[in-house]
Amino acid sequence: MHPELSQTVVSETSSSLPLQAPPEGQSQQCFRFRRYLRATIAWIRGPNPPINVSFKPIFPLLQEYPSEIFRSVCKQHWHRLLALGSYLFIWLLLFVAVIHHSRFASLVEGEEPGFISCVSSYWSKDNGCGMNGELCRPFDNDTFKFRCPAKCLQAGRLLNPYAIGDQIANYRPLVVGGPANSSTSDYGIYRSDSFICPAAIHAGLISNRYGGCGILSLIGANNNYTSTKRYEVESIGFDATFPSSYTFVRDFRSSSCQDLRWHLFAVSIPFTTIISVISSNAAIPYFSTFVGVFFHVVLASDVPTSKGKYGLISTALSRFLPAIFIAHFFWIYVLSGVHSRAPKVERTILYLGGLWVGALTNITFDVIIPISRLTARDLNQQPGAKTALGIIVVILSFIVIFQVWYLRQSGQLPKMLGLYATMGTSLGLLAAIPGTALRIHHYILSMLLLPGTRILTRPSLLYQGILIGLFINGTARWGFAGIIETYSTLRGDGLYFSDVPTLNTPEVTNENITIGWNATAMPDGVSLLVNDVEMYRGMAEEVGISRVPGEPLYLRVAYLQMTSNGGLNTYDFSHAGVVMANGTWVPPPDGY
């Protein structure tokens, strides 16, 4: 053979696709594109016939043994129905008994306390209390009986920057002041914008694990809020006058004040496990577990904000009805074919275990994953957020790759790609709506990802459990929030990233200061905060303020703008400029 011809033959036979001459009139590039397209389509279709990717159960006879015992004891169909109904009724009685003592039987000095959230306080952020704090009166001579839930050190954290004088707090409980030292039994004095429940934990009045009841007493102005670390809470110090403070009352009578969410696990987990193991009809454990876990979340483990205990029941029922409707479609189109063939014990361990992990996301994923929101500012500010996000992306990439492989082997990949292409197109169109932002909530994430788990593999059972749990937690705790939201809704009490006025050097006397600002854009005036309380609102370019000799003043200023409905919008406040106790001026750093 000729050497050149031999080299050509070797080169051609080494190609992954057999070389063919393009048809007459068709370019080589077009011919290659069509070949690769056909090869890609053939790969997506998978093997013919499809491969059964279902896993083989471990000790199959042993996994069926509990169900067989149940069927042998309850031989008749009506016997099994009666046993199942009695079992569910006992579960309901125990559940209601624990919930009653945990949520509905609390008394403080013979009266029902007010149920508050972990971020409740007596004072609003920045100028939310109006001029001189008038909207947040009374400042003193008032008491409030309250009840706090458990785990407020985790749920009672700031999620946006919060200024206390010249300090900025974020991603921590807002507690300003407290006892003078860490060993005293005195409850101390707290600034009124402190979150009540974390402050009560810091004071030693209640525990983080079980929550508790207390009586708050408003005591008026104070000018020395000390910083101490007690019971895993480090409070923030503040050395200037604030008009409203509170402390906690000692020696009061209370009953049924503990949050029994931990005790309820002793009811819910065994009951959901047993019914999953013994039931021969896979739909029974699916729907009974969904209902039980939903009400466990909404009434105990991650309770939504509501107006009173009966308002909580109304909220729970209003969210349950659409949730169970959607759960029915999950069962028909995704889960039934998998769960009806899955071995019972492995289904219980993987699916039910994953479901509890997802449903309890406030004590599972929220604790181990330090990401509050997927925004650039949060990822930059929150410690460990970028590393955690990188790890999550890597894990999710491996999960997607393996799920795609299993779907291809089972012949389901073409339909799934069509479904997800439709979903992606729909999300893209929603994201393009002007003036809004796409928001993928817990329940939406579950609805998007569940179809990709419709194969009988052990990982798919685990993923199904986690996703159904996230759906339950999202709908029970937050409801069916919109997939698109306005920017103001997403911002909440966060920053606008707007321009801020520049504070000039003030004229300081022993009892007064005169402070001015350079306002490059002042559409409807400015708001001036002195010691975090609004002291001026208007169009002037300088104002006079009284001061207490020997005490610092913290000054912050922001632009105001009238809204279309006649309200007043406050943009970002500057950092604090400080008039020191000796009258020295410390200008604020740039930004907000």
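Here is a short chat about reading strands, a helix and a surface patch in a predicted model.

User: Let's start with strand 11. Which way do its residues point, and are they buried or exposed?

Analyst: Look at which side of the strand each residue takes. Strand 11 covers residues 245-248; Ser 245 and Thr 247 point one way, while Tyr 246 and Phe 248 point the other way. All of them are buried.

User: Which strands are joined to strand 11, and how do they run?

Analyst: Pairing is read from bridges between strands. Strand 7 (residues 189-191) is joined to strand 11 by two bridges, and the two run antiparallel.

User: Now helix 8. What is its reach, and how many of its residues are buried?

Analyst: For a helix, compare the end-to-end reach with the expected one. Helix 8 (residues 283-301) reaches 25 Å from its first C-alpha to its last, close to the 27 Å expected at 1.5 Å a residue. The helix is mostly covered, with 16 of its 19 residues buried.

User: What about the surface? Which residues make the nonpolar patch?

Analyst: Ile 58, Phe 59, Leu 62, Tyr 65, Ile 69 and Val 73 make a nonpolar surface patch of about 670 Å². Ile 58 sits in the loop between helix 2 (28-45) and helix 3 (60-73).

User: Why does Ile 58 count as partly exposed?

Analyst: Check the cut-offs: partly exposed lies between under 20% (buried) and over 50% (exposed). Ile 58 has 48% relative accessibility, so it counts as partly exposed.

Conventions. Residues numbered from 1 in each chain as written. Predicted model: local features only at pLDDT ≥ 70, side-chain atom pairs only at ≥ 80, totals over all residues. Heavy atoms only, no water. Buried < 20%, exposed > 50% of the residue type's maximum accessible area, 1.4 Å probe, protein only. Helix = DSSP H or I, 4+ residues; strand = E, 2+ residues; numbered from the N terminus. Pairing = 2+ DSSP bridges. Expected span 1.5 Å × (residues − 1). Patch = residues over 30% accessible without salt bridge, like charges linked within 9 Å, V, L, I, M, F, W, Y side chains within 5 Å. Areas by Shrake-Rupley, 256 points an atom, 1.4 Å probe, with all protein chains shown as cover. Salt bridge = Lys/Arg side-chain N within 4 Å of Asp/Glu carboxyl O.
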